[in-house]
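Subject: Structure handover

Hello,

Here is the structure for your files. Please open it alongside this note. My findings follow below.

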Amino acid sequence: MSGKGLVELVSVHKSYGNRPAVTDVNLRIPSGAYCCLLGPSGCGKSTTLRMLAGHEAVTEGDILMDNRNVTLLSPTQRGTAMMFQNYALFPHMNCLDNVAFGLRIGGMKTAERHARARELLALVNMQDYAQSFPDQLSGGQQQRVALARALITEPDVVLLDEPLSALDPFLRIKMRKELKSIQQKLGLTFIHVTHSQEEAFALADLAVVMEGGRIQQIAEPRELFEQPATPFVAQFIGGHNLLTAQPGARQNDQVQLHFDPQGSGWIDSHRLPAGQGELSFSVRCDHIDLQPGQHPAAAGQFAVTASISDIEFQGQFIYVECTTSTGNTLMAYLPDRHFGQLPLHAGDLVTLSWSAQHLNLFQPQHLNSTAQVAQPAMAI
Ligand SMILES: Nc1ncnc2c1ncn2[C@@H]1O[C@H](COP(=O)(O)OP(=O)(O)OP(=O)(O)O)[C@@H](O)[C@H]1O
């Protein structure tokens with residue numbers, strides 16, 4: 001463990017001309033963390049990574065590494081190493097020389113450089129390929145060599161720009177396990193840009209979801225999935241329904257919520273923001289139950305009536321899409337064995353229900369985000 005590699009971005013902005021690419025990014029990545037920057041194309045994740053590497057100037061704000069302000073330092077002065085999407089190996093050099101290259105600048109003797117490069121090739125399980133050239137290697141092997149090359153300068157922080165995107169799906173899963181295992185073994189901070197939520201969930205200690213140049217949520221993957229902070233996050237990570245409801249009658253410590261046209265349920269009043277009109281929620285597709293016919297909500301449950309518009313077999317679960325009488329869509333993932341016991345067909349009237357504890361309430365301050373304007377929550 002290096003014990004180093006604490007990374008902080010303080011009010012970082014980046015504009016190209018007068019077009020903002022990254023806006024007001026505040027982020028603290030602890031030493032030794034595996035952090036994934038996640039988001040759709042154009043959200044600003046690569047620009048953020050390039051600013052961390054020193055390949056892109058910061059327009060406003062500061063970047064700190066181990067409490068040292070590195071904002072104006074060159075890439076080689078920061079203690080970072082970058083691994084690129086296409087690996088950027090030198091085609092005319094064998095693996096040993098590719099890996100040893102970073103030590104040339106330091107003026108180290110060839111024998112010493114090669115000895116160190118051999119150690120790193122062994123770390124990434126490529127010791128038998130020292131004399132091979134990049135075009136003689138598979139994608140996964142090239143990726144391992146590129147990682148060894150990034151590690152040879154003994155960085156505290158490794159920056160990875162879509163490192164798995166050039167690999168086929170099987171190799172991608174294998175290589176992501178290797179990346180995580182090397183990161184844990186060396187105890188370095190890894191900052192990994194991806195547009196895949198599955199990759200971020202598998203790798204990250206800390207996931208940062210970006211949209212429109214801004215951070216939408218910073219959380220551990222489990223929290224991100226269980227409590228997405230904004231409608232954008234819920235929609236981007238997938239597997240969530242977005243809902244809106246109107247608060248109605250009060251009873252004891254509970255408030256009734258009404259979904260248009262035929263749905264309702266009761267929620268603890270302390271969960272609702274004061275003075276709020278319409279409320280926005282998400283509920284996970286795998287937290288929804290389905291029953292044939294029309295039923296009122298049971299105690300502690302929410303229920304909505306809709307008709308089945310589509311059923312798809314997805315392997316481990318059945319995807320059931322339902323449409324309410326006002327034309328909105330609700331999705332449920334039913335376990336295969338559960339679905340087998342139900343006589344459900346497209347066109348059937350069903351009741352979708354879920355526990356009140358599974359309603360994820362969006363806080364009103366998060367509903368003013370750009371993403372919310374672009375993707376309004378759905379009224380059911
Ligand atoms: N060199 C540049 N000049 C002008 N605009 C740029 C430049 N690089 C990025 N941008 C703009 O900045 C915004 C953020 O781009 P960025 O590459 O960081 O997004 P990204 O999330 O990494 O996307 P992708 O997944 O497609 O790589 C985009 O609107 C992009 O068009």
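First, a term: a residue counts as near a molecule or strand if its C-beta atom, placed from the backbone, lies within 6 Å of it. This is a predicted model, in which local features need pLDDT of at least 70, side-chain atom pairs count only at pLDDT 80 or more, and totals for chains, interfaces and linings use all residues. Numbering starts from 1 along each chain, as its sequence is written.

Ligand site

The ligand is surrounded by Tyr16, Ala21, Gly39, Ser41, Gly42, Cys43, Gly44, Lys45, Ser46, Thr47 and His195. By class, that shell has three nonpolar, seven polar and one charged residues. Here Ala, Val, Leu, Ile, Met, Phe, Trp, Tyr, Cys and Pro are nonpolar; Asp, Glu, Lys and Arg are charged; the others, Gly among them, are polar. Helix H1 (residues 45-53) gives the largest share of the shell, three residues. Helices (H or I, at least four residues) and strands (E, at least two) are DSSP runs, numbered from the N terminus.

Sheet

Four strands form an open sheet in the order S2-S1-S4-S5, with antiparallel pairing. Strands pair if DSSP finds at least two bridges between them. The edges are strand S2 (19-29) and strand S5 (68-69), each pairing on one side only. Strand S1 (residues 7-16) pairs with S2 in the antiparallel sense over seven bridges. Ser15 stands opposite Pro20 in S2.

Val25

Val25 also sits in strand S2. Is Val25 buried or exposed? Val25 is buried, because 24 other C-beta atoms lie within 10 Å. The cut-offs are 20 or more such atoms within 10 Å for buried, 12 or fewer for exposed, and partly exposed in between, with C-beta atoms placed from the backbone. Leaving out residues up to four places away in sequence, Val25 touches Leu9, Val12, Thr48 and Ile215. Contact means C-beta atoms, placed from the backbone, within 7 Å. The C-alpha atoms of Val25 and Gln216 are separated by 10.0 Å, and the two residues are 191 apart along the chain.

Domains

The domain assignment gives domain 1 (7-226) and domain 2 (231-374). Such bounds come from an automatic or database assignment. Taken over C-alpha atoms, the domain centres are 39 Å apart. Nine residues from domain 1 and eight residues from domain 2 make the contact. On the domain 1 side, strand S9 (206-211), strand S10 (214-219) and helix H7 (221-226) each supply at least two residues. That side has four nonpolar, four polar and one charged residues.

Best wishes

How values were computed: Contact = placed C-beta atoms within 7 Å.
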